[in-house]
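Here is a short report on one protein model. Look over the sequence and structure first, then read on.

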Amino acid sequence: MKILEMNLKKGFVKVLPESLDDLWHLYNIILEKDEVYAQTTREVRVEELYARPKRGKRISVYLGIKVEKVVWDKLLNRLRVHGTVCEAPEEIGVKGAHHTIHVTLDKPITIVKSEWLKHQIDRLERASKIKAAPIIVVSMDDEEYCVAVLRQYGIDVKVEERTRLPGKMEADKREEATRQFFKKALNSLREVWTDIRSSIVIIGPGFMKNSFFNYVNTVASDMGRSVVDVKGVNSAGVAGIQEALRSGVLTKALRHVRIAEETKVVEEALERLGKGRTDITYGLTEVERASMFGAVKKLLLADVTLRETSNEKRAALEKLMKEVEEKGGTIIVISTEHEAGAKLLSLGGIAAFLRFSLG
């Protein structure tokens, strides 16, 4: 993410998203009632005196809209920002009309807020410093494999395949079936790796992961050089990736990926709750009470709790976040695109680490 211009006194930040993860960050930053400005296209009807209006033609124009809704379309790699036009050239006469700005990669946009919260600016600045590419994970055993990309917003599963290999008593058949299984997994991996050329981690129970690593090195040495780690977990498939995130197995490979940070902090919250500790609380009412006493050290908030809620509750959440930041606390917005976010939702979508017990 490139920050092209920032003027918080005037309430605007101009950015250039450069990756799918950048779009995810903007999805969590652009909220209802913000204004978004960008070059876009708009159909304009051409009218002539004493003639019927001609069919409209689509023109390129710089527009500003007052945001009503933001939709994240990760399949098409874009955001759709819906709202009413608040600024446009007078000659096209579209002020007050509804319009959708498609936010895509390498296309600058300007976001205007009545007030920027510290955690929003921190998020933008953190995104602007991230240079590491997403991580490709192959999670396999002798019954299945999964190829996924770990992005900052969560686990992006690309391919899942199951198989049934012959038993160990049929050594020749098993060897040939394993070779075909590896060949299929390698083709799936190459398809993903060719697009992003990222580091690869291979995980799974038993020795199958090690055998596959050796196969990759032998058959596709170019990809073999991209494998940065081979680690053991108890499960294969998506469950194995989630286990690896929880246990910290992928920490080495995920130093710069936000999902690791989010998983770690949610697991810590659940551990504290499980032990009955008093330096953790959850639920909006309890967290508001803790904030009133200046006890909130770190606020965890599920992304959908902030985005998909009533105006009244969003106002309460924004007031809470501002209060936490003014009293020296930090805020982490947790993605619900991965397991940690789903766990936070089970706690009402909000929790807080406390500086001291409230009794």
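The text below covers the overall fold, the salt bridges, the pocket and cavities, and a surface patch.

This is a predicted model, where local features need pLDDT of at least 70, side-chain atom pairs count only at pLDDT 80 or more, and totals for chains, interfaces and linings use all residues. Residues are numbered from 1 along each chain as its sequence is written, and side-chain values use heavy atoms, without hydrogens and water.

**Overall.** The protein has 11 helices and 16 strands. Helices (H or I, at least four residues) and strands (E, at least two) are DSSP runs, numbered from the N terminus. The C-alpha atoms fill a box of roughly 85 × 70 × 30 Å along the principal axes. Of the 359 residues, 48% count as buried. Buried means under 20% relative accessible area, exposed over 50%, partly exposed in between (1.4 Å probe, protein chains only).

**Salt bridges.** The count comes to 26. Each is a side-chain nitrogen of Lys or Arg within 4 Å of a carboxyl oxygen of Asp or Glu. Three of them are listed here.

| Pair | N to O distance |
|---|---|
| Glu-35 and Lys-66 | 3.6 Å |
| Glu-268 and Arg-272 | 2.7 Å |
| Asp-279 and Arg-277 | 2.6 Å |

Glu-35 in strand β3 and Lys-66 in strand β4 are 31 residues apart, so that pair links distant parts of the chain. Glu-268 and Arg-272 sit 4 residues apart in helix α7, so about one helical turn separates them. Glu-268, Arg-272, Arg-277 and Asp-279 are linked in a network of salt bridges. Glu-268 is partly exposed at 29%, as is Arg-277 at 40%.

The largest pocket has a volume of about 410 Å³. Of its 17 lining residues, the closest to the centre are Glu-32, Lys-33, Asp-34, Ser-114 and Glu-318. A pocket is an open set of points on a 1 Å grid with protein on both sides within 12 Å along at least five of seven lines; a cavity is a set where a 1.4 Å probe fits but cannot get out; lining residues have an atom within 4 Å of a point. Helix α10 (residues 311-326) gives the most to the pocket lining, with 5 residues. There are 2 cavities of 30 Å³ or more. The largest cavity has a volume of about 60 Å³. Its lining includes Ile-155, Arg-246 and His-338.

**Surface.** Met-292 lies in helix α8 (residues 284-292). Met-292 is exposed, with a relative accessible area of 54%.

Key:
Points joined across faces, edges and corners; volume = space filled by probe spheres on them.
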